Amino acid sequence: MSSLGVILFVIPFISPQKINASNYWTCENENGFVSVFKMNTNSASITHISSYDSRNGDKWSVNKPLQVVFSNRNIVSSVDVIVEDERIYLDIFNLQRKTLISRETFFDGSEEIIQNYKCQ
């Protein structure tokens, strides 16, 4: 009975970490543009929380789930289609290196922007 008591005592401390593997990533590119993401590696979900442009001080509260299109233990990629702005973002998160590559494509194909971010 005492080993059962130890197991029942330890489970509450272990379970929340496995059930809720969410963490926040703050990612910054070479131009000082910062985006914050909530990553849940258990369910392979990503939420874009906010962005900040340090050059002009603009801030955006986004709070939008991204559509995960691929996930393995090291890479998670997502797509965000913004119809109003006629653009698509493809984001590739490297979980091991804590990096993000973001590719912005416009519907008319006129411009394509690739940005590299380092995350914490």
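**Figure 1. Three aromatic pairs turn up in a search of the whole structure.** The model shown here is predicted. One of the pairs is formed by Phe 33 and Trp 60, whose ring centres are 5.9 Å apart. Their planes meet at 40°, so the pair counts as tilted. Phe 33 belongs to strand E2 (residues 33–40) and Trp 60 to strand E4, so this pair ties together parts that are 27 residues apart in sequence. Trp 60 has a relative accessible area of 40% and is therefore partly exposed.

**Figure 2. Phe 37 and Phe 93 form an edge-to-face aromatic pair.** The distance is 5.1 Å centre to centre, with 80° between the planes. Because Phe 37 lies in strand E2 and Phe 93 in strand E6, the pair ties together parts that are 56 residues apart in sequence. The cut-off for a buried residue is under 20% relative accessible area. Ring pairs also bring in Trp 25, which forms a cluster with Phe 37 and Phe 93.

**Figure 3. Asp 80 is a buried residue of the protein.** Its relative accessible area is 10%, and Asp 80 is part of strand E5. Which side chain makes a polar contact with the side chain of Asp 80? The partner is Lys 64, at 2.8 Å. When neighbours within four places in sequence are left aside, Asp 80 is in contact with Lys 64, Leu 66, Arg 87, Ile 88 and Tyr 89.

**Figure 4. Six residues form a nonpolar patch on the surface: Val 69, Phe 70, Leu 90, Ile 92, Ile 101 and Ile 114.** Together they have about 490 Å² of accessible area. Which strands each supply at least two residues of the patch? They are strand E4 (59–71) and strand E6 (87–94). Another member of the patch, Ile 114, is located in strand E8 (residues 112–119).

**Figure 5. Glu 86 and Lys 98 are residues other than glycine with a positive phi.** For Glu 86, phi is near 50°. This residue sits in the loop between strand E5 (75–82) and E6. Glu 86 counts as partly exposed, at 46% relative accessibility. For Lys 98, phi is near 55°. Lys 98 is in the loop between E6 and strand E7 (99–106). With a relative accessible area of 27%, Lys 98 is partly exposed.

Figure 6. Among contacts with a separation of 6 or more, 19% are between residues 24 or more positions apart.

Terms used. Residues numbered from 1 in each chain as written. Predicted model: local features only at pLDDT ≥ 70, side-chain atom pairs only at ≥ 80, totals over all residues. Heavy atoms only, no water. Patch = residues over 30% accessible without salt bridge, like charges linked within 9 Å, V, L, I, M, F, W, Y side chains within 5 Å. Areas by Shrake-Rupley, 256 points an atom, 1.4 Å probe, with all protein chains shown as cover. Salt bridge = Lys/Arg side-chain N within 4 Å of Asp/Glu carboxyl O. Helix = DSSP H or I, 4+ residues; strand = E, 2+ residues; numbered from the N terminus. Buried < 20%, exposed > 50% of the residue type's maximum accessible area, 1.4 Å probe, protein only. Phe/Tyr/Trp six-rings, centres within 6.5 Å; stacked < 30°, edge-to-face > 60°. Polar contact = N/O pair within 3.5 Å; in protein donor to acceptor, adjacent residues only side chain to side chain. Contact = heavy atoms within 4.5 Å.
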